[in-house]
Structures are given as structure tokens and as C-alpha cells.
Amino acid sequence: MHHNNKKSGYILIVTLMIISLSVVLVTYIFTTGSIHVPFAQTMIDREKAKLIAFSGIQIAISQLSQEIDLEAKKDASQPAPVPAGPQAKAAPAKLSPEDEATKKLLALIVPTINRWQTFSLKEEVDGLDGKIKVCLSCEDGKININALYDFKKHEFRKDQSVEKVLIPLIREAFKNMGKEDLFAEFEKFLKARQYRLDDVTELMPLKGFEVFRDNIFYEPRNGDKKENDNDKKGRLYLTDIFTLWSGKQAIEPWLLSDSLCGLLGVKRAESGDVKNRKQMVNDALKTFKATLQWPGDWQNTFAKLYGQEFTNLPKGIESIFQTKVEPKVFSVLSYGTVGKVTQRVCAVVERIKEQKDKKLMFTVVIKKLYWL
């Protein structure tokens, strides 16, 4: 009987194939894992950054909220005896509780208006390492499109403040962006529209308005000398020039937007000037009046703050400056940064006054939110 002792080598080939396949699978798993781990960390940082960006809005809301005990205020407002005689000075006019609240609000927010406020977070204290940057701006310090245009008559309102001041300012803004014909497109858009604007960004599709593509929402200077001297020296922002939220044609002089400061030729926001502004604001508030008169109160209160005499402002500017000091609507720009991830959000908020249980309260509600 004949036996064939010759062995087949297929087992070795199968073994090598299995080993090769295992190497491929291990390599694939390792590569996928090495990509997924940093990706997962980025996603975690992104969610954390979103949360602290929204926390920046809450910081601004806390600065704008107020509560006043009217009973305590009543007791504190008892008149002090005034010395008689020729050397006696007239007692300063008393402020109402609401006006006192406005004065305190201005002392808090005017030094930092249109400027970054930075808050650093530490894991051992706050639960994570990160940074919040908050910028508060006032919608009452911008030009209200809906207030200057009559959508029923399809024309700009016929009064001096619109024809002599606001329209020239708008033309100047468009001209500074490098497109002199933007006003024609702007007016054409308004004439064709049958109802008031719902959002300033509705202007963006207009011909020529692409120049605002990178300048839609205001962003304060960050202290970088190169950026300040070159890129942002004269930059104007669409939603920093215009608003729909103030509900009035007049503009609040205490809280002018940075872009409007540029158009009026007064001092714009600068990084690192908050300390000096605090002293200037405190000095200006020593003679605070709830109702302003022009041009006298500009010289007494605002000339130093804005670095400009009233006579150097556009002619007729007093017709658009509000006389009653009552800021109500603000915009809050908040950046949340965790690791290398930054999330940006902008909110429009409104202060609402209510009296309850012998207390005057100003609560703040969010009217609109933009994730940038």
C-alpha cells in the first residue's frame, strides 16, 4: 500500500492572511481612536464654551437689573437743614427713585460701554478652565430705521432731525464703507417695503451691502496695537449703526454706540481706558440731571467724556439727542472660550420697570438671540 507523505502549505498561507488582517484591523482601530479622542474633546469643549457664552449674557443681565426699596429711599430723602444767609447755596434738585436708579446704572455701565469685560474661570473654583468676554452696548444709542421712515407714505419722515441730521449721518456711514451709492439702494428697499423691518440684517441682501459681510455685529477692539492702528481704526458695523429696538427716533447721548461715535467724530472705545473713564463718569454724575438741555449739558457733562466740543458736532445734532435719560434696550456680545474653542452669542435685552411690595424693580428679559 502506497502512502503520500507530501504535506500541503495552505495552513501557513491562511495564518499569514489572518495575521495581516489583524494588523489592518488594529491599525484601523488605533487610527480611528486617535482621531476620535481629540474630536470628542473638541465637542466637549464646544458645549462648555456655549454654556459659558450664555453665562456672559447672564453677567450683563445682572449688571442691568436693579431693586430699590422705596420706603428706605423715602426715609433717606428727608431734606437736610440749609444754612441761611448770603453764603447759602441753593439745594440741588432731588431725584426721583427711578432717576436715582438711572444714575447708579450709568455709573456702573458707562465706563465699560462698547468695551470688553473679561472674566477668567478656574476649574477649582468654577468647575472648568475658560474665559468669558462680555461687551455691553445700548440700542438707544443707535439710529432706529423704523422710527425715521414712514412705511405708509413710503418716505422719510418730514422733520429737521431726519432730513438735516440722520440722513446725512446714514449717507456718511455708507460712504465710509466705500460705496457712495448704498443710500440709493437703502431708500429703494424701504420704498418697496410695505411694513416695518423685523431685523437690521434684512439689509444684507441689498446690492452693495456685501461690504458689511464681515462687519455685521459690533466687536470691540482687543488691545492689539496693529489691529487698532490699521484694521479697526475707522470700522463701522451694520447693527451698531442701526437698530429696530429703541422704539424712538431720539438717541441716548450717555450711551452712544461705537460706530455712531465714529460718525459724529467723537472719541471711540479704546481697550484699556476703563479706569480713566470711571473717574470721568463719576465727575460727570456729580451734576447728574434726569432731563438734559442742549448745548449746555454737553459742555458740562459730555465734552470731556467724548473728547469733543459741542460746536464741533454735526449741525443740528441737538434735535436727535434725547433729553430724558432712560436707557431701556441693550445688546450683549458674549464670547465663551474653553481650550481652543470659542463660541459667540449676541443677545438683545430689555429692562422692564415694575413696582411691587414697596419696591421698584428693573428686571431684564431677552428679546432676541443670535448665535454667531
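For the chain, the average pLDDT is 84, and 85% of the residues score at least 70. Confidence is lowest in helix α8 (residues 225-231), with a mean of 43, and highest in strand β8 (residues 329-338), at 95. Helices (H or I, at least four residues) and strands (E, at least two) are DSSP runs, numbered from the N terminus.

Some conventions. Residues are numbered from 1 along each chain as its sequence is written, and side-chain values use heavy atoms, with hydrogens and water left out. As this is a predicted model, local features need pLDDT of at least 70 and side-chain atom pairs count only at pLDDT 80 or more, while totals for chains, interfaces and linings use all residues.

The chain has twelve helices and ten strands. Of its 372 residues, 44% are buried, meaning under 20% relative accessible area with a 1.4 Å probe, protein chains only.

Now the sheet. Six strands form an open sheet in the order β1-β10-β9-β8-β3-β2, with antiparallel pairing; two strands pair if DSSP finds at least two bridges between them. β1 (66-69) and β2 (116-121) are at the edges with a single partner strand each, so one side of each has no neighbour in the sheet. On average, neighbouring strands are turned by 20° against each other, direction ignored. The axes here are lines fitted to C-alpha atoms, for helices over the stretch in contact, and angles run from 0 to 180 degrees between N-to-C directions.

Helix α3 (residues 97-109) lies across β1, β3, β8, β9 and β10, at about 140° to β1.

How many residues of β8 are buried? Ten of its ten. Val 329 and Leu 333 are among those pointing one way, Phe 330 and Val 332 among those pointing the other way.

On one pairing, eight bridges join β8 to β3, with Phe 330 opposite Cys 138. Ten bridges join β8 to β9, where Val 332 has Ala 347 as its bridge partner. β8 and β9 form a hairpin with two residues between them, and Gly 339 in the turn has a positive phi of about 60°.

Technical notes
pLDDT is the predictor's confidence in each residue, from 0 to 100. Contact means heavy atoms within 4.5 Å. Buried means under 20% relative accessible area, exposed over 50%, partly exposed in between (1.4 Å probe, protein chains only).
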